[in-house]
Amino acid sequence: MMLIRTLPALLLVLAMAARPANGSAQTPGPAADSALEAATRELASQIRCVQCQGLSIQDSPSELSKEMKQIIREQLAAGRTPEEVKAYFVARYGEWILLDPPARGLNLAVYILPILSLLGGAVVVVVLVRRWTRPLGDAGAPDAGAGP
Amino acid sequence: MCGGRARRLRMEADSVTGAVGHTAVALALALSCYGVIAAAVAGRKGSAGRAWHASARGAAYAVFLMYAVATFTMVYALVAHDFSVKYVAQVGSRSTPLFFTVISLWGALEGSILFWGFVLALYTALVAYGGRRSKQADSQRTYATATLLAVNAFFSLLLVKPANPFAPEFPVPLDGPGPNPLLQNHPLMAVHPPLLYLGYVGLSVPFAFAVGALLAGREDEGWIRETRRWTLVAWGFLTLAIVAGMWWSYEVLGWGGYWAWDPVENASFMPWLTATAFLHSSMVEERRPGMLRLWNLCLVVATFLLTILGTFLTRSGVLLSVHAFTRGPIGYYFLGFIALALIFSLTLLAARADRLGRGQGRLDSAVSREAVFLVNNLILTAFTFTVLLGTLFPLVAEAVRGVKVSVGAPFFNRMTVPLCVALLFLVGVGPVLPWRGIQPGVAARSLLVPSVGGLAVALGSVLLLGVRDVYAVLAFGFAAFALLSNAREFVEGTRARRRATGESWSLALARLVRANRHRYGGYIAHVGVISIAIGISASSTFRQEREATVRPGEAVEIGPFAVRFERLWAREEPHRFVVGADLAVLADGEPAGRLDPRLNFYNTSDQAITTPAVRSRAGGDLYVNLLAFERDGSSATLHVIIEPLVPWIWIGGGIIGLGALIAAWPEGRRRRLIRAARRPGADEEGGDRPPAHEVASAVAHGAVS
């Protein structure tokens, strides 16, 4: 499951990583898209904006979110791992600050149940299609549309 | 003298406004309750209760009239700044422009419930009106009217008790705070909510017809066509509403995105998913009476319940979000209503389950359109469940663990992007496979060109564009595959028609679509879905952004663009203070227009509301947001984003709307007669078959496709 990353976040990172190869000749400023910046964005898109409901601090245009993003940047630059930076925010704001609930305990339900529902439904579909395509036995009109 | 008298009269009129509105709503409540009883009696008596049928219809019209009066009264009160009405005192302001004053009708809780009731009453009256001429008593329709009137009664109750927009305000304030700044910052706020209500509320109608069919014992005939038509109409509006909402959030919220998996977005998306599932699975039952009937009924019921649940989630404030503007006792009313509706529907389904059959279908091959629809339904249902679970999970976690958790965009993207990609694949496969199935070889030949095209695009996105994410590659490949496969249907159909009739390409295409509105309307909707998928995939894959603080004369460079900051300006408006940045855009060094992103400071909000500036082209948008500025104009902080192909999301929404319109367009009388003649088993509206000579003359007039 870890392979399946959030699409926009990863794509963003990939797009950023791929860009030098495209031969862009931009002057590297303070906001240059370095590996640090990419890692900051990746992490910032997983941390919730405290003021605006539902947006990450990567997306939020608010002042506070920018400051929080700066904290991420500084901590990553200081050599902390993304997990340590997350823990830093969780310690201050609680689990709520993570847009992705950590996959343990009760939270596992939110990850597992959708997959189970899909698998269970798939079994039903397979059974139904098999029943419908089974060669007809002894009796019964081929077009047994309506129920009894 | 005269002026004083006029003012006194005016004041008396003002105090009357609230009373008129409240009386209208109270009468609507009484009339809906009466209508439910009258319609129930009419349904039981069948043809014997002709007068009751008419009376129930009359009640439906009267309820609509009352809602029209109440809604008009509220608009009048808003425009006249009658602050003796509580709702006006909450959302009105003398400095708000007239346009935004009028649309603040749906800007807060009470007004939006009133507007909801108005739209529901409109649909109820239309459903009742549809039965005015049926020669036999149409018990299914009458029960449907009863169901809708019962929902009407619930919303009228809300308006009379916990969400009374006409409650008096005392002492009467001289001015009000005006609507929520976010809701008065863009004209799309005049478009998105009405569309949303037309779609959302419209989904009550299929539910009502399903209930009507079950109560009337007519679930074995003809419920499906009426239900499907109404679902198409509501679904079309809902699609347009969701896309308009995405556009609004793109144009107003300033982060360059259009979908945040916010609970209010999820609330509108879940019924859309189940309605989409129904639009597909109902086609199976339409062709093969009895097949999937119970499942189709369940989908219709689930769709309705999801609309009410969505309203509860967003209107009760149980989940905090931008749109959840209230907290109060209204939540309990909703919970009670959801419980009642759920128990009622389940009981009804259980009571009729034995008669609903077990879906005895026959297929020649698993490679058939029926099977694709089953998989489509499986994915859409799992999708709905995932969104529902993710939306409700914070409540569950808080109740069980006492810990607040968030379930946000990263979760939803991770879980649903694979489902979206799979659906995109099915959009391409479905149209090619015939009903009941064929030998796989034939399907493979039909899919040859689309497959090659899809593969080429997928490879191209990897090799030429450097896309590395598996899902992005699959999305581009399947989008091309699906587009070609759906386009192939138009090309092949037109070619066959040309061979038969010798018509020109354009005429043959137009007549082809006209003669098979259902089918080609659906394919057009597919094209819209593909367009949206391409827009979303491209804008999230190739998005480039840059944030910089620049002084006048300096430019932010991104991709082929340079965005030069020229000067800062400010403007005082009656209801807000606006600061903007004048920007010159250069594309590859050539002047390419001007942009002026703004920040708006409303008196009533401590946070500035952004107005991003967007330079929109078919190839994509250049999106600039003003984040901050120095008061002396010496610098501005800009967020510049390149968003490839974003406009195709909005265009796709329009295409889907067009497809829904074509598919839902009423059939001409002639064509209806022909269809009845061709399928003797098929039922007609009201159950009466057309006289043979009418059919013969219709056929003679050449309506055959």
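Two residues are in contact if their C-beta atoms, placed from the backbone, lie within 7 Å. The legends below use that rule for a predicted model.

**View 1. Helix 14 of chain B meets helix 17 of chain B.**
From helix 14 of chain B come B:Val417, B:Pro418, B:Val421, B:Leu424, B:Phe425, B:Val427 and B:Gly428. From helix 17 of chain B come B:Tyr471, B:Leu474, B:Ala475, B:Phe478, B:Ala479, B:Phe481, B:Ala482 and B:Ser485. By class, the residues of this contact are 13 nonpolar, two polar and no charged. Helix 14 spans residues 409-429 of chain B, and helix 17 spans residues 470-501. Their axes lie 7 Å apart, at an angle of about 20 degrees. Angles under 35 degrees count as roughly parallel, so helix 14 of chain B is roughly parallel to helix 17 of chain B. The crossing of these two helices is left-handed.

**View 2. Helix 11 of chain B packs with helix 12 of chain B.**
Helix 11 covers residues 293-315 of chain B, and helix 12 covers residues 330-352. The angle is about 175 degrees and the axes are 9 Å apart. Angles over 145 degrees count as roughly antiparallel, so helix 11 of chain B is roughly antiparallel to helix 12 of chain B. Helix 11 of chain B brings residues including B:Leu297, B:Val301 and B:Arg315. Helix 12 of chain B answers with residues including B:Ile330, B:Phe334 and B:Leu349. The contact has 14 nonpolar, three polar and one charged residues.

**View 3. B:Val63 sits in helix 2 of chain B.**
This helix runs over residues 50-79. Is B:Val63 buried or exposed? B:Val63 has 31 other C-beta atoms within 10 Å. A residue counts as buried at 20 or more, so B:Val63 is buried. Leaving aside neighbours within four places in sequence, its contacts are B:Ala28, B:Leu31, B:Ser32, B:Gly35, B:Ala121, B:Thr124, B:Leu149 and B:Asn152. B:Gln90 is 27 residues from B:Val63 along the chain, and their C-alpha atoms are separated by 27 Å.

**View 4. Chain B as the setting for these views.**
Chain B holds 22 helices and ten strands. Of its 705 residues, 55% are buried. Among contacts in chain B with a separation of 6 or more, 72% join residues 24 or more positions apart.

**View 5. Confidence in chain A.**
Chain A averages a pLDDT of 73, and 68% of its residues score at least 70. Over residues 1-32 of chain A, pLDDT stays under 50. The model has 46 contacts beyond four places in sequence for that stretch. Residues 138-148 of chain A also have pLDDT below 50. Beyond near neighbours in sequence, residues 138-148 have 20 contacts in the model.

Notes
Residues numbered from 1 in each chain as written. Chains lettered and ligands numbered in written order. Predicted model: local features only at pLDDT ≥ 70, side-chain atom pairs only at ≥ 80, totals over all residues. Helix = DSSP H or I, 4+ residues; strand = E, 2+ residues; numbered from the N terminus. Buried ≥ 20, exposed ≤ 12 C-beta atoms within 10 Å, placed from the backbone. Axes fitted to C-alpha atoms, helices over the stretch in contact; angles between N-to-C directions. Parallel < 35°, antiparallel > 145°, perpendicular 65-115°, else oblique. Left-handed = near helix turned anticlockwise from the far one by under 90°. Nonpolar A, V, L, I, M, F, W, Y, C, P; charged D, E, K, R; others polar. pLDDT = per-residue confidence, 0-100.
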